Amino acid sequence: MTAKKKRTSPDPAPKKKTPAKGPAPSTPERVSPPAAAKAAKAASKSSALDAAARVLRENGQPMTCPELIEQMAAKGYWTSPKGKTPASTLYAAIAREVKLKGAASRFIKTGPGRFAWRDGADA
C-alpha cells in the first residue's frame with residue numbers, strides 16, 4: 001500500500017485576466033439574409049398558438065388539442081417539428097395563455113380538455 005503525499009505548498013493565486021490591447025483579429029463576418037426575406041419567412045411560419053387560434057376562430061366550435069393539431073396540419077397552418085406529444089404541448093401553451101392573460105386571452109376553456117375562440121378577442 002502506498003501512502004498519500006501531503007501537499008506542502010498552497011495553490012497558487014488565480015491569475016487576473018487583462019484585456020487584450022491592439023486591434024481585434026480580423027474574422028470573416030457572417031452575412032445575414034436581407035430583412036425582407038426574414039420578414040417573409042416569419043410571416044409564412046406561424047406558431048402553434050397562432051395556428052390554433054386561427055382554427056378555432058374559423059371553426060366556431062370548441063375543440064380538443066388533438067383535434068386542433070389535426071386541423072392545423074390539414075389546413076397547412078402548422079406542423080409539428082417532429083415532436084412526440086404536440087397535443088400536450090399545445091394544451092400546456094393554451095392553458096398558460098388562459099391563466100396568464102385571463103380575459104385578454106384569445107382562448108376560453110369550455111370543458112375538460114376543450115378550448116374555444118373567445119368572442120371579442122383580437123383577430
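These are my notebook entries on what I looked up in this predicted model.

**Ground rules**

I number residues from 1 along each chain as its sequence is written, and my side-chain values use heavy atoms, with hydrogens and water left out.

**Entry 1: the chain as a whole**

I started with the inventory and found 4 helices and 3 strands in the chain. Helices (H or I, at least four residues) and strands (E, at least two) are DSSP runs here, numbered from the N terminus. Read from the N terminus on, the elements go α-α-β-α-α-β-β.

Next I looked up burial: 21% of the 123 residues in the chain are buried. My cut-offs are under 20% relative accessible area for buried and over 50% for exposed, with partly exposed in between (1.4 Å probe, protein chains only). The chain exposes about 10,300 Å², and carbon and sulfur atoms supply 57% of that area. Accessible areas come from the Shrake-Rupley method with a 1.4 Å probe; for residues, only the protein chains shown count as cover.

I then checked contacts, meaning heavy atoms within 4.5 Å. Of the contacts in the chain with a separation of 6 or more, 45% are between residues 24 or more positions apart.

**Entry 2: the sheet**

In what order do the strands of the open sheet lie? I read β1-β3-β2, with antiparallel pairing across the 3 strands. The edge strands are β1 (63–64) and β2 (107–111), each pairing on one side only.

I went through the pairings one at a time. β1 and strand β3 (residues 114–117) run antiparallel and are joined by 2 bridges. Thr64 has Arg114 as its bridge partner in β3, and Met63 has Phe115.

I stopped at Arg114, which is found in strand β3. Is Arg114 buried, exposed or partly exposed? Arg114 counts as partly exposed because its relative accessibility is 32%. The C-alpha atoms of Arg114 and Thr64 are separated by 4.6 Å, although these residues are 50 apart along the chain. Not counting residues up to four places away in sequence, Arg114 touches Pro62, Met63, Thr64, Glu67, Ile108 and Lys109.

That list sent me to Pro62, in the loop between α2 and β1. Pro62 is partly exposed too, with a relative accessible area of 28%. Leaving aside neighbours within four places in sequence, Pro62 is in contact with Thr110, Arg114, Phe115 and Ala116. I also noted a C-alpha separation of 9.7 Å between Pro62 and Gly113, which are 51 residues apart along the chain.

**Entry 3: helix against helix**

Axes are lines fitted to C-alpha atoms, for helices over the stretch in contact, and angles run from 0 to 180 degrees between N-to-C directions. I call angles under 35 degrees roughly parallel, over 145 roughly antiparallel, 65 to 115 roughly perpendicular and the rest oblique.

The axes of α2 and helix α3 (residues 65–75) come within 10 Å and cross at roughly 90 degrees; they are therefore roughly perpendicular to each other. Their contact is made by residues including Ala51, Val55 and Leu56 of α2 and Leu68 and Met72 of α3. I get 7 nonpolar, 1 polar and 2 charged residues in that contact. Ala, Val, Leu, Ile, Met, Phe, Trp, Tyr, Cys and Pro count as nonpolar, Asp, Glu, Lys and Arg as charged, and the others, Gly among them, as polar.

α3 and α4 pack at about 110 degrees with axes 8 Å apart, so I file them as roughly perpendicular to each other. Cys65, Pro66, Leu68, Ile69 and Met72 in α3 meet Pro86, Ala87, Leu90, Tyr91 and Ile94 in α4. This contact divides into 10 nonpolar, no polar and no charged residues.

Last, I looked at Lys82, which has a positive phi of about 65 degrees although it is not a glycine. Lys82 is in the loop between α3 and α4 and counts as exposed, at 81% relative accessibility.

Notes. Predicted model: local features only at pLDDT ≥ 70, side-chain atom pairs only at ≥ 80, totals over all residues. Pairing = 2+ DSSP bridges.
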